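Notebook open, model loaded. I want to go through the aromatic rings, then the packing, then how the chains relate.

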Number of protein chains: 2
Amino acid sequence: MNILLTSVGRRVSLVKFFKEALEGDGYVYSADCDPTAPALYVSDKSFLVPRVNDKDYIPFIIEKCRKENIKLVVPLIDPELPILARERDTFLKEGIIPLVSTYEKVMIGYDKLLTYKYLIENSLPTPKTIYYKDDNDINLNMINFPIIIKPRYGSASIGVQKCEDVQDVEFYARKISEPILQEFLHGDEITIDILCDFEGNPISIVQRKRIKVRGGEVERGITIKDNSLFSLTLKLIMKLKPIGVINIQCFHTLYGFYFTEINPRFGGGYPLTYYAGVNFPKIIIKLIRQEKIEPLLGNYKEGLLMLRYDEGIYISEDNLLR
Amino acid sequence: MNILLTSVGRRVSLVKFFKEALEGDGYVYSADCDPTAPALYVSDKSFLVPRVNDKDYIPFIIEKCRKENIKLVVPLIDPELPILARERDTFLKEGIIPLVSTYEKVMIGYDKLLTYKYLIENSLPTPKTIYYKDDNDINLNMINFPIIIKPRYGSASIGVQKCEDVQDVEFYARKISEPILQEFLHGDEITIDILCDFEGNPISIVQRKRIKVRGGEVERGITIKDNSLFSLTLKLIMKLKPIGVINIQCFHTLYGFYFTEINPRFGGGYPLTYYAGVNFPKIIIKLIRQEKIEPLLGNYKEGLLMLRYDEGIYISEDNLLR
């Protein structure tokens with residue numbers, strides 16, 4: 001079985017995990033629109049693609065899957081999820097499994113106002129959130145500072161700012177597209193790596209705490225186990241029923257846990273979960289082969305640290321993909 | 001000969017290069033104040049130290065060097081340079097070589113107003129720079145926007161902001177300690193890795209262009225060779241005469257090159273220079289052993305790309321350094 005990872009970027013470890021999980025039975029393909037994406041150069045085969053928002057993107061990917069006999073497509077960045085999700089049926093009709101939830105479920109994560117609404121409606125804890133528009137008469141003087149301002153459709157912490165006062169809000173609101181205001185939470189940031197089967201039933205839930213962040217992504221983290229967070233996560237998952245991999249962010253405050261983000265894709269820090277003993281690529285391949293999956297909930301190494309550093313691929317520019 | 005790398009952080013590759021360069025004749029020690037610094041766990045021996053601005057820092061380091069027979073200390077972050085430089089003689093009296101320039105030279109790089117003054121006085125191109133204080137009557141309306149605002153004593157692009165108008169300047173000036181305003185340059189960012197002998201004579205000059213930056217550090221880069229930049233760099237170096245390793249940043253604009261930063265330490269992107277064929281650790285060890293050094297100026301592979309990704313050390317929290 002051949003597998004394609006799209007928008008592969010710097011996900012070198014993930015490519016290696018998929019190669020290893022295939023055990024020689026098929027190739028791992030990588031795609032990116034940028035020929036300098038390092039993960040392109042550790043895959044079995046790689047190719048350049050149009051940008052994800054280009055109208056040719058989906059036809060290009062499907063044509064490649066047909067030609068190369070690719071059976072599974074794993075998208076790795078947020079902006080790609082709604083695009084792939086909308087075309088789920090097109091892929092399925094071709095006998096290709098896109099590892100993505102349905103469009104409605106993807107949008108619950110992608111649109112941060114919908115995330116808030118969804119969590120509130122399902123009685124799950126989340127920070128107070130409002131849509132900030134010049135014309136909707138928000139009285140900023142009624143806000144308890146500090147607060148967070150961020151773009152409604154954002155990813156990787158781009159454009160996220162802490163505001164200390166009304167002046168800050170007014171300043172950043174001019175720079176951010178469709179800004180939302182969110183209660184500032186004091187506490188640890190926890191990421192949860194979740195794997196569900198294709199019917200949305202949870203197979204694995206792994207909690208890891210962020211110790212240090214760089215460019216919006218975890219640089220140092222540690223696996224933890226908290227029972228009440230486990231219950232809350234299970235409640236969310238049983239309700240949402242996502243397909244395949246999903247990554248959830250939350251804060252652990254004095255008043256308990258608060259969910260902040262739902263990203264229905266591999267989290268950038270997944271390698272920590274892998275080394276803690278939960279091999280998502282292997283389970284995904286088993287799911288496709290309709291093999292029996294052992295339940296793994298809570299079954300991982302606690303207190304494992306991930307300490308990240310930069311490694312590199314060094315190649316001559318003549319050898320870049322064209 | 002034993003070698004100590006201080007504030008070692010994520011410099012895993014550099015530790016490996018030094019280990020390899022020693023060829024088994026001595027150990028590479030690493031120090032950091034943070035037990036989760038990954039490079040601590042790839043060195044031959046490692047220890048935790050007080051913070052660099054703690055009064056016990058220098059005595060602690062010297063005591064360790066004595067006890068472990070360490071002959072070379074290589075500082076790796078900017079805030080450490082003035083502290084180590086001020087104690088150069090103390091180290092030298094103990095028979096320990098600190099790989100750092102004199103205090104005056106270090107401050108030329110550390111204080112961005114001094115950098116500007118130094119470059120101007122030596123007829124070297126640099127962007128117009130002014131010190132921004134409420135009380136020094138700057139007429140912001142006389143500025144051509146955009147401009148850059150940054151802290152006078154900054155490092156790793158922390159606090160650097162682009163300002164589009166007077167409002168932006170006034171806003172960020174309140175958030176930045178001792179802000180300076182700098183002409184915004186359009187063009188490629190080029191980093192130059194330089195190695196000098198202990199008398200300040202240049203041994204190697206390698207140019208690399210930044211293709212992509214993450215958290216103030218190069219994520220993707222390529223080696224280049226430009227003769228006019230080579231001449232300008234040589235002029236700067238022959239005047240400054242730094243000791244050991246120095247890293248210089250510049251912009252390549254339509255109007256030529258402009259120097260922006262002088263960092264008298266290993267640049268974070270040095271591994272690209274290493275793979276382009278210039279082994280600084282090996283040359284440094286030869287310099288200490290008073291072996292003959294072959295001239296290497298301009299002698300490196302052009303068009304070599306560095307494509308960085310995250311790699312990790314995975315350890316149980318019980319195994320953290322204490």
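Entry 1: I started at Y172(A), which has 7% relative accessibility and so counts as buried, the cut-off being under 20%. A reminder to myself that this is a predicted model. Next I looked up F171(A): at 5% relative accessibility, this residue counts as buried too. Then I checked the two rings against each other. Their centres are 5.4 Å apart and the planes stand at 80°, so I logged F171(A) and Y172(A) as edge-to-face.

**Entry 2: the other rings.** How many aromatic pairs are there over all chains? I get 31. One of them is F17(A) with Y274(A), and this pair is stacked, with 3.6 Å from centre to centre and 10° between the planes. I looked up where the partners sit: F17(A) is in helix α1 of chain A and Y274(A) in helix α9 (residues 270-275) of chain A, so the pair links parts of the chain 257 residues apart. Both F17(A) and Y274(A) are buried. I also find them in one aromatic cluster, together with F18(A), F266(A), Y270(A), Y275(A), F280(A) and, from the other chain, Y314(B).

**Entry 3: charges over rings.** I noted two lysines here. The charged end of K64(A) sits over the F47(A) ring, 4.6 Å from the ring centre. K225(A) lies over the face of Y300(A), and I have 4.7 Å to that ring centre.

**Entry 4: nonpolar cores.** Which residues touch the most other members of the largest nonpolar core? I find F18(A), F266(A) and I284(A), in a core of 70 residues. Helix α1 (residues 12-22) of chain A gives the most to this core, namely seven residues. I then listed what F18(A) touches, leaving out residues up to four places away in sequence: I3(A), L5(A), V28(A), L72(A), V74(A), F266(A), P281(A) and I284(A). Another core lies apart from that one; it has 69 residues, and I jotted down I190(A), L236(A), F259(A) and V218(B) among them.

**Entry 5: chain B on chain A.** I laid chain B on chain A and got an RMSD of 0.0 Å, using a turn of 180° and a shift of 0.0 Å along the axis. That is how a two-fold axis relates its copies. Which C-alpha of chain B is nearest the axis? I have it as that of D310(B), 2.5 Å away. Last, I compared the contact residues: 100% of those in chain B recur in chain A, so I wrote down that the same surface serves both copies.

Definitions and conventions. Residues numbered from 1 in each chain as written. Chains lettered and ligands numbered in written order. Predicted model: local features only at pLDDT ≥ 70, side-chain atom pairs only at ≥ 80, totals over all residues. Heavy atoms only, no water. Core = buried A, V, L, I, M, F, W, Y, C linked by side-chain atoms within 4.5 Å. Buried < 20%, exposed > 50% of the residue type's maximum accessible area, 1.4 Å probe, protein only. Helix = DSSP H or I, 4+ residues; strand = E, 2+ residues; numbered from the N terminus. Contact = heavy atoms within 4.5 Å. Least-squares fit on C-alpha atoms with pLDDT ≥ 70 in both. Phe/Tyr/Trp six-rings, centres within 6.5 Å; stacked < 30°, edge-to-face > 60°. Lys NZ or Arg CZ within 6 Å of the ring centre and 35° of its normal.
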